[in-house]
Amino acid sequence: MRAYDSTMATRLARRAVEAVAPQELAQFAMTAEAFHSTPPRKRLQAVRRDEPLGLGLETAAALLSTAALAVAVRVLDHLTERAAGQAADTAERGVRALFRRRRAEPAAEAVERLSAEQLTTVRQVAVDAALRLRVPEEQARTIADGIVAELVTMARGPAREAGRGEDAGEAAQ
């Protein structure tokens, strides 16, 4: 399994947990820490056959948080694979252009917004990953929606995100 950004995975999963199981937010930080510190091959081993997920956590309350974290990691893996493919394509075009003595096409920006089609694909990857973890379909879709929503928020950048938080604070007053 590839290395992933645990901070980003936690952020994506937290947004999903806010939507699907807000009652788990109080334990989310502890669940995320346990998830990230557990070796990948042991993260989702069922403790018992009838238990959908297991981290050695005794409480069932952490199951949706654990599933959301696992789905977030799968989404990040998918995005990494996609980016690696794009980088390889860009490098191949550059090498071909050098041999043809033409200028290579400019490389794509390292961070780009995902198109609606790409977000749809990411959402399906997330739903499929959650369903493989035996998360009920409605909750799997909600987890996927939360992850996609957070990806869209992250693509907006810090300025808009900060503005969103200020607007929410002003509305609460």
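Mentor: Let's start with a word we'll need: a residue is buried when its relative accessible area is under 20%, and exposed when that area is over 50%. Keep in mind that this is a predicted model.

Trainee: Okay. Which residues of helix 1 are buried?

Mentor: In helix 1, Ala9, Leu12, Ala13, Ala16, Val17 and Val20 are buried.

Trainee: What span does helix 1 have from its first C-alpha to its last?

Mentor: Helix 1 has 15 residues and reaches 20 Å, close to the 21 Å expected at 1.5 Å a residue. Look at its start, too: a side-chain oxygen of Asp5 comes to within 3.0 Å of the backbone nitrogen of Thr7.

Trainee: And how far apart are the end C-alpha atoms of helix 6?

Mentor: They are 29 Å apart, which agrees with the 28 Å that its 20 residues should span at 1.5 Å a residue. Helix 6 has buried residues as well, among them Ala140, Ile143, Ile147, Glu150 and Leu151.

Trainee: Let's move on to the core. Which residues touch the most other members of the largest nonpolar core?

Mentor: That core holds 37 residues, and the ones touching the most other members are Val71, Val75, Val122, Val135, Ile143, Ile147 and Leu151. Helix 1, helix 2 (25-37), helix 4 (63-99), helix 5 and helix 6 each supply at least two residues of this core. The largest share, 11 residues, comes from helix 4.

Trainee: Can we zoom in on one member? What does Val71 touch?

Mentor: Leaving aside residues up to four places away in sequence, Val71 touches Ala126, Ala129, Ala130, Leu133, Ile143 and Ile147.

Trainee: Now the charged side chains. How many salt bridges are there in the whole structure?

Mentor: The idea in brief: side chains of opposite charge can pair when their charged atoms come close. A search of the whole structure finds six salt bridges. In one of them, the side chains of Glu150 and Arg15 meet at 2.8 Å, N to O. Glu150 lies in helix 6 and Arg15 in helix 1, so this pair ties together parts that are 135 residues apart in sequence.

Trainee: Is Glu150 buried or exposed?

Mentor: Glu150 is buried, because its relative accessible area is 6%.

Trainee: Which side chain meets Asp145 in a salt bridge?

Mentor: That's Arg123, at 2.5 Å, N to O. This pair also links distant parts of the chain, with Asp145 in helix 6 and Arg123 in helix 5, 22 residues apart. Asp145 is partly exposed at 38% relative accessibility, and Arg123 is partly exposed at 24%. Elsewhere, salt bridges that share partners join Arg11, Arg15 and Glu150 into one network.

Trainee: What about Arg74? Which residue does it form a salt bridge with?

Mentor: Arg74 pairs with Glu81, and their closest N and O atoms are 3.9 Å apart. Arg74 counts as partly exposed at 26% relative accessibility, and so does Glu81 at 34%.

Trainee: One last feature, the backbone. Where does Arg134 lie?

Mentor: Arg134 is in the loop between helix 5 (116-132) and helix 6 (137-156). Its phi is near 65°, a positive value in a residue other than glycine.

Conventions:
Residues are numbered from 1 along each chain as its sequence is written. This is a predicted model: local features need pLDDT of at least 70, side-chain atom pairs count only at pLDDT 80 or more; totals for chains, interfaces and linings use all residues. Side-chain values use heavy atoms; hydrogens and water are left out. Helices (H or I, at least four residues) and strands (E, at least two) are DSSP runs, numbered from the N terminus. A nonpolar core is a set of buried Ala, Val, Leu, Ile, Met, Phe, Trp, Tyr and Cys residues joined through side-chain atoms within 4.5 Å. Buried means under 20% relative accessible area, exposed over 50%, partly exposed in between (1.4 Å probe, protein chains only). Contact means heavy atoms within 4.5 Å. The expected span of a helix is 1.5 Å times one less than its number of residues. A polar contact is a pair of N or O atoms within 3.5 Å; within protein, one must be able to donate a hydrogen and the other to accept it, and residues adjacent in sequence count only if both atoms are side-chain atoms. A salt bridge is a side-chain nitrogen of Lys or Arg within 4 Å of a carboxyl oxygen of Asp or Glu.
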